[in-house]
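This report is an introduction for a reader who is meeting the structure for the first time. Please look over the sequence and the structure before reading on.

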Amino acid sequence: MKKKLYLNGEWQETIDYAELFSPYSNEKIGEIPKASVADVEAAIDAASEAREAMAALTAYERAAILEQLVSLFIEHKEQAAKIIALESAKPLKFALGEIDRTIETYKFAAEEAKRLSGEMIPMDAAKGGSNRLAYTLREPLGVVAAITPFNFPQNLVAHKIGPAIAAGNTIVLKPASQTPLSAFFLAELLDQTDLPKGAFNLVTGSGRTVGDVLVESDQVKMVTFTGSPAVGKGIRDKAGLKKVALELGSNAGMIVDEGVDLDVVVEKAIAGAFSNQGQVCISLQRIYIMENVMDEFLSRFQTAANQLAIGDPLDMKTDLSAMISKQEQQRAVEWVKESVDEGATLITGGTVEDEVFQPTILSNVASDAKVSCQEVFAPVVIVNSIQSIEQGIHEINNSDFGLQAGIFTNDIKTAFYASKKLQVGGVLINDIPTFRVDQMPYGGVKESGNGKEGLKYAIEEMTEMKLVIWNQS
């Protein structure tokens, strides 16, 4: 299956191609174009030339294009999900869930396109502002470069493409090298809509070639990136004065108080820690639980983890499958072994069986162990006991990251206290930090990045505010 670049509304070949393999079966599943510098520049030029046509669309027309895309995803839902499962090894039932969220995300984008507006400014509130009428407008930035990760190859792309179209921008998309097939499928669907030619462009290849050209181009007015802190910082440093929105991951933590329903907590924690093999920015990586309920929770949690169905991602019964690459899998194995060598207790997992890294639970983990203080991005979770809620908050805050955190408690004062003291972008009361719906504001503090996703909030990031003042005297 040899793919082509999508530039200026047309499918175009390039010189070099790379073979793409399934993470689970290791079978060859495609030949992916490696865009040259000239290819990327052509994509940027096409997006730049389409700016006027895109900006001239009415809110109704932009919303209609997004609604067309929604209808196409609904029609081709199963195909889109199977592509995700094939190229990323995400179990099919979760891939179908991702497409449901993708549909909802584009639907929200269509709705927000119709709500994009400015505000009236009360000029006469100032001594010298009498006889003046003022209001703000929201105008598109122009060319938006979207650089996306492998773990949600449709929905995280939707969080960049949807608001960009809703705001009237044009786009150059660079998907992750392991999951380009979903991006090609998206291009096929967009090609069937009324989106102006050149408003969406797709280039694949190495981050060093494609990413650097996008980030350093003066024609690109914003870079929106989801990925590692190291790459995100590099983008920020190279971007100059253009807008940069960075979503850089986390090592999400959760506190469990006494007196809560442990069956509920265990069920949610299993989903939070092991969904998509733990390869989620807000995957539940650290659990801090009051000492009195530690043993009971750990026993139930281990039992539930060992009941997960492991195997072929294309099987609807599968809960957990292969990680995105052998290299990432081996890194996770080494991190777990290193933590055990340093004194941690391995409760379950820590090994690779039939090419799949098993769901792993660790306890008594040092706060400076890699599986605790860095983003493990694997099916690994630590469970440590705490003497107080304050200690749990301290442990969660003792991190370079701060995306989302959760706390289970029946005490309203404890919940309010935690919501104020946790140094994160989002606090979940009686839920896991892995919870997300697509219209909510989503983004972190510290090394988890800057800017907000969520359609309304991303559209604000992707527009410029213009002030208009009428002098009536």
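## Glutamate 67 and its partner

In this predicted model, glutamate 67 has a relative accessibility of 27%, so the residue counts as partly exposed. The side chain of glutamate 67 meets that of lysine 107 in a salt bridge, with 3.0 Å from N to O. The pair links distant parts of the chain, since glutamate 67 belongs to helix 3 (residues 59-75) and lysine 107 to helix 5, 40 residues apart. Lysine 107 is likewise partly exposed, because its relative accessible area is 34%, which falls between the limits of 20% for buried and 50% for exposed residues.

## Other salt bridges

Side chains of opposite charge can pair when their charged atoms come close. A search of the whole structure finds 23 salt bridges, and a few of them are described here.

Glutamate 139 and lysine 466 form a salt bridge whose closest N and O atoms are 3.1 Å apart. Glutamate 139 lies in strand 6 and lysine 466 in strand 24 (residues 463-471), so this pair ties together parts of the chain that are 327 residues apart in sequence. Both partners are partly exposed, glutamate 139 with a relative accessible area of 29% and lysine 466 with one of 38%.

Aspartate 263 forms a salt bridge with arginine 300, and here the closest N and O atoms are 2.6 Å apart. This pair also links distant parts of the chain, with aspartate 263 in helix 10 (residues 262-274) and arginine 300 in helix 11 (residues 291-305), 37 residues apart. Arginine 300, at 29% relative accessibility, counts as partly exposed. Elsewhere, Glu19, Lys28 and Glu31 are linked in a network of salt bridges.

## The nonpolar cores

The largest nonpolar core has 57 residues, of which Phe73, Tyr106, Ile161, Leu173, Leu186 and Phe200 touch the most other members. Helix 5 (residues 92-113) contributes the largest share of this core, namely 10 residues. A second, separate core consists of 55 residues, including Leu262, Ile270, Ala305 and Ile389.

Which residues does phenylalanine 200 contact, leaving aside its neighbours within four places in sequence? Phenylalanine 200 is in contact with Tyr6, Ile161, Ile171, Leu173, Leu186, Ala187, Leu190 and Leu195.

## A nonpolar patch on the surface

On the surface, Met120, Leu133 and Trp470 form a nonpolar patch, and together they have about 320 Å² of accessible area. Leucine 133 lies in strand 6 (residues 132-140), the strand that also holds glutamate 139. With a relative accessible area of 34%, leucine 133 is partly exposed.

## The protein as a whole

The secondary structure of the protein comes to 16 helices and 24 strands. Its radius of gyration is 23 Å, close to the 23 Å that the globule rule gives for 473 residues, so the protein is as compact as a globular protein of that length. Taken along the principal axes, the C-alpha atoms fill a box of roughly 70 × 65 × 40 Å.

Of the 473 residues, 56% count as buried, while the protein exposes about 19,700 Å², with carbon and sulfur atoms supplying 49% of that area. Among contacts between residues at least 6 apart in sequence, 73% join residues that are at least 24 apart.

Note on methods: Residues are numbered from 1 along each chain as its sequence is written. This is a predicted model: local features need pLDDT of at least 70, side-chain atom pairs count only at pLDDT 80 or more; totals for chains, interfaces and linings use all residues. Side-chain values use heavy atoms; hydrogens and water are left out. Patches are made of residues with over 30% relative accessible area and no salt bridge: like charges are joined within 9 Å, nonpolar side chains (Val, Leu, Ile, Met, Phe, Trp, Tyr) within 5 Å. Accessible areas come from the Shrake-Rupley method with a 1.4 Å probe; for residues, only the protein chains shown count as cover. A salt bridge is a side-chain nitrogen of Lys or Arg within 4 Å of a carboxyl oxygen of Asp or Glu. Helices (H or I, at least four residues) and strands (E, at least two) are DSSP runs, numbered from the N terminus. Buried means under 20% relative accessible area, exposed over 50%, partly exposed in between (1.4 Å probe, protein chains only). A nonpolar core is a set of buried Ala, Val, Leu, Ile, Met, Phe, Trp, Tyr and Cys residues joined through side-chain atoms within 4.5 Å. Contact means heavy atoms within 4.5 Å. The radius of gyration is taken over C-alpha atoms; the globule rule is 2.2 Å times the number of residues to the power 0.38.
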